[in-house]
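Reader: I would like to learn how to read the features of a model like this one, step by step. Could we go through them together, with the general idea before each case?

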Amino acid sequence: MTRANREDDNDRRIMAVLAANARQPTVAIAKKLGLPRTTVHERIERLERNGTITGYRAVFASPAVGQQLEATLLLSIRQRRQSEVVRRLESLPEVRSCASVSGEFDLMLVVEAPLSEDLDAVIDEITSLEAVERCMTLIVLAKKFTRGD
């Protein structure tokens with residue numbers, strides 16, 4: 001195995017450990033991987049500098065199966081207002097994903113909430129945004145299968 005391959009392999013191993021728990025101390029990561037702490041620290045800094053690691057985030061536990069309602073929202077947005085709407089949507093924790101789409105609508109959202117009243121409230125909040133012209137809501141009745149992230 002060449003030095004470059006080992007470096008790539010170590011970077012992947014470090015990223016896998018960070019993906020599982022980014023709050024681990026560098027010492028713990030180094031111990032898990034059998035690498036010197038300074039090596040792990042330097043590699044993480046390099047991965048951040050070169051844009052491989054772009055940030056860290058909190059991941060919240062999902063409620064028990066059957067307790068989370070999901071809806072897909074298709075939104076039409078007034079011209080030149082999409083970035084404003086996306087910024088507002090980012091602040092809503094119920095919005096799990098947002099994608100721009102082609103066709104009749106501009107954005108596709110996946111929204112989750114524990115109760116129908118909560119789902120209704122967040123949909124009302126989204127559709128009351130001034131730049132949202134129209135919304136089509138599709139409530140998920142049952143998931144037949146889901147692939148991993």
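Reader: Let us begin with helix H3: which exposed residues does the face of H3 turned away from its buried side carry?

Author: The general idea is that an α-helix has 3.6 residues a turn, so residues three or four places apart point the same way. In this predicted model, the face of H3 turned away from its buried side carries Glu-42 and Arg-49, both of them exposed.

Reader: And which residues of H3 are buried?

Author: The buried residues in H3 are Val-40, Arg-43, Ile-44 and Leu-47. Seen down the helix axis, these buried residues fall within an arc of 100°, so they line one face of H3.

Reader: How far apart are the end C-alpha atoms of H3, and what span should its 13 residues give?

Author: At 1.5 Å a residue, the 13 residues of H3, which runs over residues 37–49, should span 18 Å, and the end C-alpha atoms are 18 Å apart, so the two values agree. After H3 comes Gly-51, and its phi is positive, near 85°.

Reader: Which residues are buried in helix H2, and where do they lie around its axis?

Author: Helix H2, residues 26–33, has Ile-29, Ala-30 and Leu-33 as its buried residues. They cover an arc of only 100° around the axis, which puts them on the same side of H2. The face of H2 turned away from that buried side carries Val-27, Lys-31 and Lys-32, which are exposed. Just after H2, Gly-34 takes a positive phi of about 70°.

Reader: Which residue other than glycine has a positive phi near 60°, and where is its place?

Author: That residue is Arg-80, with a positive phi near 60°, and its place is in the loop between strand E1 (69–77) and helix H4 (82–90). Arg-80 has a relative accessible area of 78%, and because exposed means over 50%, it counts as exposed.

Reader: How should I read a pocket, and how much space lies in the second largest pocket?

Author: Rolling a probe the size of a water molecule over the atoms shows where empty space is left. Here, the second largest pocket holds about 400 Å³ of space. It is lined by 14 residues, of which Leu-18, Ala-19, Ala-22, Gly-55 and Tyr-56 are the closest to its centre. Sorted by class, the lining has eight nonpolar, four polar and two charged residues.

Reader: To finish, how many helices and strands does the protein chain have, and in what pattern do they follow along the sequence?

Author: The secondary structure comes to five helices and four strands, and read along the sequence the protein chain follows the pattern α-α-α-β-α-β-β-α-β. Of the 149 residues in the protein chain, 28% are buried.

Terms used. Residues numbered from 1 in each chain as written. Predicted model: local features only at pLDDT ≥ 70, side-chain atom pairs only at ≥ 80, totals over all residues. Heavy atoms only, no water. Helix = DSSP H or I, 4+ residues; strand = E, 2+ residues; numbered from the N terminus. Expected span 1.5 Å × (residues − 1). Buried < 20%, exposed > 50% of the residue type's maximum accessible area, 1.4 Å probe, protein only. Arc of directions from axis to C-beta. 1 Å grid on protein atoms, 1.4 Å probe; cavity = no way out; pocket = protein on both sides within 12 Å on 5 of 7 lines; lining within 4 Å. Points joined across faces, edges and corners; volume = space filled by probe spheres on them. Nonpolar A, V, L, I, M, F, W, Y, C, P; charged D, E, K, R; others polar.
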